[in-house]
Amino acid sequence: MTKPLSPQEVARQIREHIPDAVTDFDESAVFARSEALFQVARFLKQNLDLDYLASITAVDFFEHFELIYHLTSITKNHSVILKTRCEKGEKVPSVISLWQGADFQERDIFDLMGIAFVGHPNLKRIFLWDGFKGHPLRKDWSKNAAQD
Amino acid sequence: MNVLEQFHDWLIDYWPSWAAYLVPALVAFVVLSTFVLLVVMAFIYIERRGVGRFQVRLGPNRAGPFGILQPVADAVKVLTKEDIIPAAGDRWVHWLAPVVAFIPALAIFAVIPFEERAIFTDLNVGILYIIAISSLGAIGIFMAGWGSNNKYSLVSAMRTMAQMISYEIPLVLSLAGVLIITGSLSMVSIVEAQHVPFFLLQPLGFLIFFIAAAAEIQRSPFDLLEAESEIVAGYHIEYSGMKFALFYLAEYTHAFAICAIVATLFLGGWHGMLLPGALWFMIKVFLVFGLLFWVRSTLPRLRVDQLMGFAWKYLFPLALINMFITAIEAIIWPEFPWQLLIPNILIAALLIVLWSGFFRVAGERVSFQRYGRGIIKGLTVTFSHLFRRPITVQYPEQRLTPAPRFRGNMLVWDHDACIGCRACARACPVSIIDIETIRGDKRLIVEKLEVDFGRCLFCGLCVEACPVRALFMSRDYEQASYRREQLVVSKEQFIAAEKRPSAYFYPDLEAEMPPQTLLAPPKEKG
Amino acid sequence: MPLKTEPVMINFGPQHPSTHGVFRMRVTFDGEVIVDLEPVFGYLHRGIEKLAEAKTYTQVIPYTDRLDYLASMSNNFAYVLAVEKLAGIEVPERAQYLRVIMAELMRIASHLIATGAFFNDLGAFFTPFMYMFREREKILDLFEMVCGQRLTYNYMRIGGVSHDIPEEFLPALRRFIDEMPGFIEEYDWLLAENEIVLARTKGVGVLPAHKAINASASGPVLRASGVKWDIRKADPYSVYDHFEFEIPVGMMGDTYDRYWVRIQEMRQSTRIVKQAMEQLPSGEVRTKVPALLRPPKGEVYAHIESPRGELGFYLVSDNSPRPYRFKVRAPSLINLTVLRDLCVGWKLADAIAILGSIDIVLAEVDR
């Protein structure tokens, strides 16, 4: 079974190396500040052998966005869920230099949710065409509002 | 003294000499062209049916009895199509290309001996003429690729030139063995020299010629010029109508010509017992063609650099060695007794195996060490499928029965059982059920029911949601209309429809359903 | 003096016989050698993630069918696993075994298409395609027997499966499983040692293991590179831990290995189905679940090994009958990350072969 590592333990380890990056943890995930996201991710990849990025998801909670990173270690068969919150319009560091698999997923989130990733070499819309206005997966998006 | 010369000698008593020269030529040209085109149509038909049988299906069988008129249908279709010329291409080159591709293929037939005297003209340089003329077809293809103003065509044209040039040399060299044995270039004398068919005396030459000829006429596995899955029809991508038909005809005419040449040079031409010589000739031609499309239906195509590597590094040296060995044999045993076929076959097998060990494809790791064994295994699998029953269903004469639980189109609505609870409308993922009810004396009466089957997913959730068995999926799967509005079914149409419910979600109905037609039915006992 | 050449950009447009759907590649060539490749998709984007936020949890199941329509059962399976994990619903054992049987049959059918289409791209003129479709027809007949549809099944429900199998299913399944290994042997005879296939695929498009892991590749693409990672063994779900089967792993990560891994997986799937048939318990096939299911507030990520890779669903619930967020982790989309790196340096024909070996379904890529 893929063992989900205890978030408390993981948060403790991260806090030892990167002091104020972790804001919170609950029973399944570790929360990090969005500015420190890249350092936390790099720490997780290098020190906890989390070499496989299973998925990146973005959820729109009206006042903020939440980005969820599902990380797995193929060598050790354990997993960690890393989350971060960001405001609308805030840019988040890209993890593409750590895991190339983030390439299309970050473009997908940029296209449909509108979260920009700093450091992504090709941050263009991926599903919708280039002139499309608006980000449809947001909760406050309506088809009529985007017709301009 | 062939037939034409006899005709000329008879005519010269009645008509001036220029007429007696011209008329037989014209008559023979018309007869020959018609015959060639008819055989080409037969080739097209046989190939499509044959490839179909190799692929465990029937070929086309609707146009005429057994589909015999299919090539006619193709011809009519192609004649009535609009002729599109690319606006930015080179107009004259584009227009001339199909002609330049077709005429050389037809011109080869001037020296093909259908029988000892049934030959247009027995040039004493027959083979040389054939080789010279057939390479002109490549120019037509290149013109097509260039004049179409399309990158795909250009890529294809470049590949064509590379392929044609590469395969000319093994083609010619493999003939050298035959010519050494015969001592003459004339087609008739080659056939007469075959007391034992040359494919036995020259097995290596036969194989190399067959492969190189398949490459010359761009047939699979060398058909990357029109590799449909890569460059979408290649050089004839911008052609439509009769010009496309000319390319198609050119390909098959050239194939017929190659089969005829192989039959003449290696299989003994018109020699044979009992049946007339011309008939034997045609039988041999069709056998070679069968071999061609058997190979076509089995093998994937080679990449262009592998193709050229194969020609230059494998076929060319083997053809040279074959020529030397034949020359040595010609010096020692000039009359070539039939016993020579045994050492020849052994030498051929040895050479193929040995040379495959040296062969590396374009710097990559694979080598043809298996000397064709894998290809032969593939060919046997395809051949075994000839004898299996095809799985084609002749729809609409033959209709299969769907499963008892089939989720077909058009719901079946039981008007009396429905209580108007709208559970089905709530359950539908695409919200296609539109119900309006009014209060009756005991229960709700459905006043309006409209279901838009143009958007239905056939998921069955409405049937599962109904609490009173008022809704069923149906057994039918054919539904078509010319207007989308007709797919919206109203309450009256539901009541008036013929009710053929399926047993989806209602297992008690399953017993009375006809059994499903399976592709792998249970075998009957006994 | 060297000859001046210019790179040319060819557009393998959305309509193309070999791009497995409406997929577009802008390829820059220098002669026949690929210099750059840019995949462009989104031609089949239907907004399923947004649509699902307006449907109840049960109504989303037909939508998941249409994500990867060549492996609908697997999509259903992953989704209902996610909802059951979120809502804490127990599934009866017979339903779990039936789900595994359907999922493995679906894996065989999907690999048949993938391999058939792959050889079509190589130029084998439909012959392997027709043979493999013949076997797929038999599988589709079995599915029709169970749930009434041949392509988009809507068979699994939250809490089990929608119907129990009819009595003619098991004998028909046994007939199919008994003759399937013979047919796989036939495909091997036709193709596995064919010199032309070897020349076209051996050593072409090599994906090293570390790169595959870094690019989040999954499924046969990852396993062909030598990484022994299969979610059925690494993180077993449903009753997969009751079965004995192996994970085929390639050696080099080239196109031939990706094809070989799929053929071996078909063999292993037949093994699993055979064991599942023997171990099939009796009992219920569906737990009672309220029609308007309201899972407690929370989120869940459930993943399965679909024929194309790791298919995951991320669901966020806010205790209403409709999902708050529904996200699909599509394996085909993420496997495409490596397409550019695999194709650069090879030739035009190889790009088509490599794309065919990655085995994408555009409906899943574009959602």
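User: What percentage of the 367 residues in chain C is buried?

Analyst: The model is a predicted one. A residue counts as buried when its relative accessible area is under 20%. By that cut-off, the buried share of the 367 residues in chain C is 72%.

User: How many helices and strands does chain C have, and what is its radius of gyration?

Analyst: Chain C has 15 helices and 8 strands. For 367 residues the globule rule gives 21 Å, and the value for chain C is close to this, so chain C is as compact as a globular protein of that length. Its C-alpha atoms fill a box of roughly 80 × 45 × 35 Å along the principal axes. The radius of gyration of chain C is 21 Å.

User: Among contacts in chain C between residues at least 6 apart in sequence, what share joins residues at least 24 apart?

Analyst: Contact here means heavy atoms within 4.5 Å. Of the contacts in chain C between residues at least 6 apart in sequence, the share that joins residues at least 24 apart is 71%.

User: How far apart do the centres of the positive and negative side chains of chain C lie?

Analyst: Chain C carries 42 positive side chains and 47 negative ones. The centres of these two sets are separated by 5 Å.

User: Which pair of chains has the most contacts, and what area is buried between them?

Analyst: Two pairs of chains touch, and the most contacts are between chains B and C. No contact joins chain A and chain B, whose closest C-alpha atoms are 18 Å apart. The contact between chain B and chain C takes 70 residues from chain B and 69 from chain C. Carbon and sulfur atoms give 56% of the area buried between chain B and chain C, which is about 6000 Å².

User: Is K347(C) buried or exposed, and which residues of chain B does it contact?

Analyst: K347(C) is placed in the loop between helix 13 and helix 14 of chain C. Its relative accessible area is 19%, so K347(C) is buried. Beyond its neighbours within four places in sequence, K347(C) contacts E32(C) and I34(C), and from chain B it contacts R303(B) and D305(B).

User: Which residues of chain C are in contact with A54(A)?

Analyst: A54(A) is found in strand 4 of chain A, residues 52–60. With 2% relative accessibility, A54(A) counts as buried. Leaving aside neighbours within four places in sequence, its contacts in chain A are H70(A), T72(A) and Q105(A), and those in chain C are Y301(C), E310(C), R329(C) and I334(C).

User: Which residues does the cis peptide bond with omega about 5 degrees join?

Analyst: Most peptide bonds are trans. P396(B), a partner in this cis bond, lies in the loop between helix 16 and strand 1 of chain B. The bond joins Y395(B) and P396(B).

User: What is the phi of R422(B), and what is that of R469(B)?

Analyst: Most residues other than glycine have a negative phi. R422(B) lies in the loop between strand 1 and helix 17 of chain B, and at 36% relative accessibility R422(B) counts as partly exposed. R469(B) lies in the loop between helix 18 and strand 4, and at 34% R469(B) also counts as partly exposed. Phi is positive in each: about 65 degrees for R422(B) and near 55 degrees for R469(B).

How values were computed: Residues are numbered from 1 along each chain as its sequence is written. Chains are lettered from A and ligands numbered from 1 in the order in which they are written. Side-chain values use heavy atoms; hydrogens and water are left out. Helices (H or I, at least four residues) and strands (E, at least two) are DSSP runs, numbered from the N terminus. The radius of gyration is taken over C-alpha atoms; the globule rule is 2.2 Å times the number of residues to the power 0.38. Buried means under 20% relative accessible area, exposed over 50%, partly exposed in between (1.4 Å probe, protein chains only). Lys and Arg count as positive and Asp and Glu as negative; His and the chain ends are not counted. The place of a charge is taken as NZ of Lys, CZ of Arg, CG of Asp or CD of Glu. Buried area is the accessible area (1.4 Å probe) that two parts lose on being put together, summed over both.
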